[in-house]
Amino acid sequence: MWYGLVVCLALLGGAGWAAAGESSPPAAPETTRVAARVGDAEITVEDFRRRIEILESEGSRVTPERYPEILRGLVREELLLQAATAEGVAERPLVAARLAQLRRNVLIDELLKQKLAALGQVSDDEVRKAYDDNRSLFTREAGRVSHIMV
């Protein structure tokens, strides 16, 4: 029953933002406002904003029509997280090792993104010159093989 309430809230919220002609959820003072409750956990407008920023940073186009879908995704994730926590999934040795590796990967990925962004854009001419200078690295040798069976 509460899930239906959350979905209604999502639909109304998304429709309200879309009707207002805004391209994102409400501004700063409302970031602590609760968008959905899942058990004792709250999903705030700030959580919602962060998810939109992540999706956009990954190249996804987020329109107001997608807001209800995104909120439903956050609710689903919270439900699954609560179930995993209740079952003690994070304490399993293999899961703990995977979480540590994922953390390392995310930190490395973010560092590389920052370093690449600091380098700036590469022009088409620079790409062409690098290709021409290293043409042998980009080509394969082709061979011909034949087999005669008797």
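**Pocket and helices of the predicted chain**

The largest pocket holds about 190 Å³ of space. Here a pocket is an open set of points on a 1 Å grid over the protein atoms alone, with protein on both sides within 12 Å along at least five of seven lines. Its volume is the space filled by probe spheres set on the points, which are joined across faces, edges and corners. The structure is a predicted model, in which local features need pLDDT of at least 70 and side-chain atom pairs count only at pLDDT 80 or more, while totals for chains, interfaces and linings use all residues. Residues are numbered from 1 along each chain as its sequence is written, and side-chain values use heavy atoms, with hydrogens and water left out.

The lining residues (those with an atom within 4 Å of a point) are Leu81, Ala84, Thr85, Val89, Ala90, Val95, Arg98, Leu99 and Leu102. The largest share, four residues, comes from α4. By class, seven lining residues are nonpolar, one is polar and one is charged. In this scheme Ala, Val, Leu, Ile, Met, Phe, Trp, Tyr, Cys and Pro count as nonpolar, Asp, Glu, Lys and Arg as charged, and the others, Gly among them, as polar.

The protein chain contains five helices and two strands, arranged from the N terminus as α-β-β-α-α-α-α. Both kinds of element are DSSP runs numbered from the N terminus (helices: H or I, at least four residues; strands: E, at least two). Of the 150 residues, 21% count as buried, that is, under 20% relative accessible area with a 1.4 Å probe on protein chains only; exposed means over 50% and partly exposed lies in between.

Helix α2 covers residues 45–57, and its 13 residues should span 18 Å at 1.5 Å a residue, in agreement with end C-alpha atoms 18 Å apart. The expected span is 1.5 Å times one less than the number of residues. Val45, Phe48, Arg49, Ile52 and Leu55 are the buried residues of α2. Seen down the axis of α2, these residues fall within an arc of 125°, so they line one face of the helix; the arc is that of the directions from the helix axis to the C-beta atoms. Glu53 and Ser57 are exposed on the other side of α2. Gly59, which follows α2, has a positive phi near 95°.

For α4, 27 residues should span 39 Å at 1.5 Å a residue, which agrees with end C-alpha atoms 40 Å apart.

Conventions:
On a 1 Å grid over the protein atoms alone, a cavity is a set of points where a 1.4 Å probe fits but cannot get out, and a pocket is an open set with protein on both sides within 12 Å along at least five of seven lines; lining residues have an atom within 4 Å of a point.
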